[in-house]
Amino acid sequence: MDNITLHVRFAPDGTVAEISERPAALTPQQWFNKLSEAIGMKAYQTFAGGRGVFKVARDDVEALKAAAAA
């Protein structure tokens, strides 16, 4: 199973400003919430400077993206 890294950047107010692999139908915050709920925060790593990453199986991300598009 192939893993990918999704990068997250936060605004100063704590909302998600940018996130990779985001479906067009969702805002950055909505995509972050969907990933957090479906995959869990155990796959998330926080970095300094308002950044972080999800390390996720590619199949899981593709399934979530397909569900968001439906």
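This is a predicted model: local features need pLDDT of at least 70, side-chain atom pairs count only at pLDDT 80 or more; totals for chains, interfaces and linings use all residues.
Visitor: Which residues of H2 are buried?

Guide: Look at relative accessible area: buried means under 20%, exposed over 50%, and partly exposed in between (1.4 Å probe, protein chains only). In H2, the residues Val 61, Leu 64 and Ala 68 are buried. Viewed along the axis of H2, the buried residues fall within an arc of 65 degrees, so they line one face of the helix. That arc is taken from the directions that lead from the helix axis to the C-beta atoms. On the face of H2 turned away from the buried side you find the exposed residues Asp 59 and Ala 69.

Visitor: What covers the buried residues of H2?

Guide: Here we count contacts, meaning heavy atoms within 4.5 Å. The cover includes strand E1 (3-10), helix H1 (28-39) and strand E4 (51-57).

Visitor: How many helices and strands does the chain have, and in what order do the elements run from the N terminus?

Guide: There are 2 helices and 4 strands. Starting at the N terminus, the order is β-β-α-β-β-α.

Visitor: And what is the order of the strands in the sheet?

Guide: Sheet order follows pairing, and two strands pair if DSSP finds at least two bridges between them. The 4 strands form an open sheet in the order E2-E1-E4-E3, with antiparallel pairing. Strands E2 (16-19) and E3 (44-47) are the edges, each pairing on one side only. On average, neighbouring strands of this sheet are turned by 25 degrees against each other, direction ignored.

Visitor: How many bridges join E1 to its partners E4 and E2?

Guide: Antiparallel E1 and E4 are joined by 7 bridges. Among the pairs, Asn 3 has Ala 57 of E4 as its bridge partner, and Val 8 stands opposite Gly 52 in E4. E1 and E2, also antiparallel, are joined by 3 bridges, and Arg 9 faces Glu 18 in E2. The hairpin of E1 and E2 has 5 residues between the strands, and Gly 14 there takes a positive phi near 95 degrees.

Visitor: Which strands does each helix touch, H1 and H2?

Guide: For the angles, axes are lines fitted to C-alpha atoms, for helices over the stretch in contact, and angles run from 0 to 180 degrees between N-to-C directions. H1 packs on the sheet and touches E1, E2, E3 and E4, with its direction at about 75 degrees to that of E2. H2 packs on the sheet too, touching E1 and E4, and its direction makes about 100 degrees with that of E4.

Visitor: Is Ser 36 buried or exposed?

Guide: Ser 36, in helix H1, is buried, with a relative accessible area of 16%. Not counting residues up to four places away in sequence, Ser 36 touches Met 41 and Phe 54.

Visitor: How does Phe 10 count by relative accessibility, and what is Phe 10 in contact with?

Guide: Phe 10 lies in strand E1 and counts as partly exposed at 24%. Beyond four places in sequence, the contacts of Phe 10 include Val 16, Phe 32, Tyr 44 and Arg 51. Phe 10 and Gly 52 are 42 residues apart in sequence, yet 8.4 Å apart in space, C-alpha to C-alpha.

Visitor: What phi does Glu 21 have?

Guide: Glu 21 has a positive phi of about 65 degrees although it is not a glycine. Glu 21 sits in the loop between E2 and H1 and is partly exposed, at 32% relative accessibility.

Visitor: Finally, what radius of gyration does the chain have?

Guide: The radius is taken over C-alpha atoms, and the globule rule is 2.2 Å times the number of residues to the power 0.38. For 70 residues a compact globule would come near 11 Å, and the chain has 11 Å, which agrees. The C-alpha trace spans about 30 × 25 × 15 Å along its principal axes, and 34% of the 70 residues count as buried.

Methods: Residues are numbered from 1 along each chain as its sequence is written. Side-chain values use heavy atoms; hydrogens and water are left out.
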